[in-house]
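This report is meant for someone meeting the structure for the first time.

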Amino acid sequence: MQTFDYIIVGAGSAGCVLAERLTASGRHKVLLIEAGGRGHSPWIALPLGYGKTFFHPTLNWKYTAEPEEALAGRTGYWPRGKTVGGSGAINALVYARGLPRDYADWVAAGATGWDWNTVRATYDKIETRVSPTGAKDGAGPIHVQDVSDRIHPATRHYFTAMEELGQPRIPDLNGPEDEGATVYRINTKDGRRMHSARAYLAPALKRSNLTLMTGALAERVVFEGRRAVGVALRHNGQRLTVRAGREVILSAGTVTSPRLLQLSGIGPAGLLKSHGVDVLQDAPHVGGNLQDHLGINYYFRATEPTLNNDLRPFMGKVRAALQYALTRRGPLSLSVNQCGGYVRSSPDLPHPDTQLYFNPVTYSTTPGQTRSVVQPDPFAGFIIGFQPSRPTSRGRIDIRSADPDAAPLIQPNSLSTNEDCEQVVAGGLFCQRLARTAAMGRLIESPMDPDLFTMTPDDILADFRRRCGTVFHPVGTARMGADAAASVVSPRLKVHGMEGLRVVDASVFPNITSGNTGAPAMMLAYRAADLILEDAV
């Protein structure tokens, strides 16, 4: 039985940051366990490559949620990273800190020490912000690129249309002015994905006190009494146990961290007993509080060329590939989500409640079909999309059986509150007003089915139920809070009632942040490392 000071389960957005920070002093011996592979696929490094990783069976767990009556009986597709880098290796790269009120709500939910001023200082430590001229602000390893000089010319109509609606153009979604239209910043460097595996883990692997074990499926946490002392895992067809002298840290993500707790005997007692799992601690909130962003796209044919014209023809693909190979620029170096921003769907709201997306590309499908962003429609087109930023519905993720290989039981419980349904209608009506502006009228040749222009509020909600999908931001299934009766981990991310066990990933978010969740997961891990090292003294 090998012994380490810290064992981290999951080499995703959070786990890679933890591994680097916990080994930096050279004093601690750390094992990082990853069920997937090493993450060397060129589709990971290529920013637009997520169009390929989206359904890639060796890089993606390809989960599905349970059918939902509120979504017309549909089952949602839940991609999750199955590789070093985790979901940060396969996401669309939009870098969003979230809004200050998101973290005020964390504190109000019992997550003391996670206020906006504290997390903003942490973001400043992990980031290097890069302007179009190459000027840099900050010294962190995560490069956050301002790509406003590279976006498609068709996006100019979006900014003019937003101005018609009284929405300002802001230079940075993560700046002091965070409401309005913006070019999305992405975490890339030299035209390649700059996720936590590249920024943090790669340099850390040169240290002798860090061991990375890939292709290793963690099956449960091992306890002596109520103290976590190791992890039972399966590697290369063999079962073995590795021991932790200080702590076991679960960083397996919102889907898998609560499942590992449940498989280890920490979870709702009735559920565990029904699957033959011995109950170590009855913890009903493990797996609960699931939150996610649901979004929808409205498709339009365009009056001028868009990325469809660049990436659909064979020679267009060749040109884009050559441009990327020679300069690390061009459409392959960007996210498909080029523009967007936070807005208030109604001017009488106190703060933004909706996130917008404007994409100069369409990849429409018929039911039962899938199409990659690198194989767009054979005509000029673009997308206006939105997601309600702070949904109030809550779901669950649980084990299906005591078998660690069994797929998770994902029950999002989408649109289960009147407030969420009202936000959907308000967001759809905002997109409708946007599409009806004179500026957007110059870009729209015709709406594609369904026709946003003719929709009533009831139509908008019904269409959302038929077509919406997760925007792949699940959080909250091991929520942080001071009250052990209402949360899973403390504000220091220790599992209530246990010793030597923490959870450090997006599952601990008490509330979902208003935007994309990759950046908050990395921020959380960096700050968590401070807490862990403080406790090690």
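## Salt bridges

A salt bridge is counted here where a side-chain nitrogen of Lys or Arg lies within 4 Å of a carboxyl oxygen of Asp or Glu. The model is a predicted one, and by this rule it holds 30 salt bridges. Some of the charged residues are joined into a network of salt bridges, which links E247, R492, K494, R502, E534 and D535.

Individual pairs show how such contacts are placed. D105 and R101 form a salt bridge in which the closest N and O atoms are 3.7 Å apart. Because the two residues are four places apart in helix α4, which covers residues 100–108, about one helical turn separates D105 from R101. In general, an α-helix has 3.6 residues a turn, so residues three or four places apart point the same way. Both partners are partly exposed, D105 with a relative accessibility of 25% and R101 with a relative accessible area of 22%.

In another pair, R129 meets D137, with the closest N and O atoms 3.2 Å apart. Here R129 is buried, at a relative accessible area of 16%, whereas D137 is partly exposed at 44%. R150 and D149 also form a salt bridge, with an N to O distance of 3.9 Å; R150 is partly exposed at 21%, and D149 is partly exposed as well, at 40%.

## The nonpolar cores

The largest nonpolar core contains 80 residues, and W114 and L501 are the ones with the most contacts inside it. Helix α15, which spans residues 518–536, supplies the largest share of this core, namely 11 residues.

When its neighbours within four places in sequence are left aside, L501 touches V221, F223, A228, V248, L250, L261, I266, L493, K494 and V495. One of these contacts, K494, is also a member of the salt-bridge network described above.

In helix α6, formed by residues 156–164, the buried residues are H157, Y158, F159, A161 and M162. The buried residues of this helix pack against strands and helices from several parts of the sequence: β8 (182–183), β18 (339–343), β19 (354–359), α12 (418–435) and α13 (438–441). After α6 comes G166, a residue with a positive phi, near 80°.

Helix α7, made of residues 196–204, is mostly covered, since seven of its nine residues are buried. These buried residues are S196, A197, R198, A199, Y200, L201 and A204, so that R198 is found in the list together with several alanines.

## Strand β18 and its partners

Strand β18, one of the elements that the buried residues of α6 pack against, is itself buried in five of its five residues, so it is largely enclosed by the rest of the structure. C339, G341 and V343 point one way from the strand, while G340 and Y342 point the other way, and all of them are buried.

Which strands pair with β18? One is β8, which pairs with β18 in the antiparallel sense over two bridges, and in that pairing T182 has G340 as its bridge partner. The other is β19, whose antiparallel pairing with β18 runs over five bridges; there, F358 of β19 is the bridge partner of C339.

## Cysteines without disulfides

A disulfide is a covalent bond between the sulfur atoms of two cysteines. How many disulfides does the model contain? The count comes to zero. For C339, the closest cysteine sulfur is that of C431, and at 14 Å it is too far for a bond. C339 is buried, with a relative accessibility of 0%.

C468 is likewise in no disulfide, and its nearest cysteine sulfur, belonging to C421, is 10 Å away. With a relative accessibility of 2%, C468 also counts as buried.

Note on methods:
Residues are numbered from 1 along each chain as its sequence is written. This is a predicted model: local features need pLDDT of at least 70, side-chain atom pairs count only at pLDDT 80 or more; totals for chains, interfaces and linings use all residues. Side-chain values use heavy atoms; hydrogens and water are left out. A nonpolar core is a set of buried Ala, Val, Leu, Ile, Met, Phe, Trp, Tyr and Cys residues joined through side-chain atoms within 4.5 Å. Buried means under 20% relative accessible area, exposed over 50%, partly exposed in between (1.4 Å probe, protein chains only). Contact means heavy atoms within 4.5 Å. A disulfide is a pair of cysteine sulfur atoms within 2.5 Å. Two strands pair if DSSP finds at least two bridges between them.
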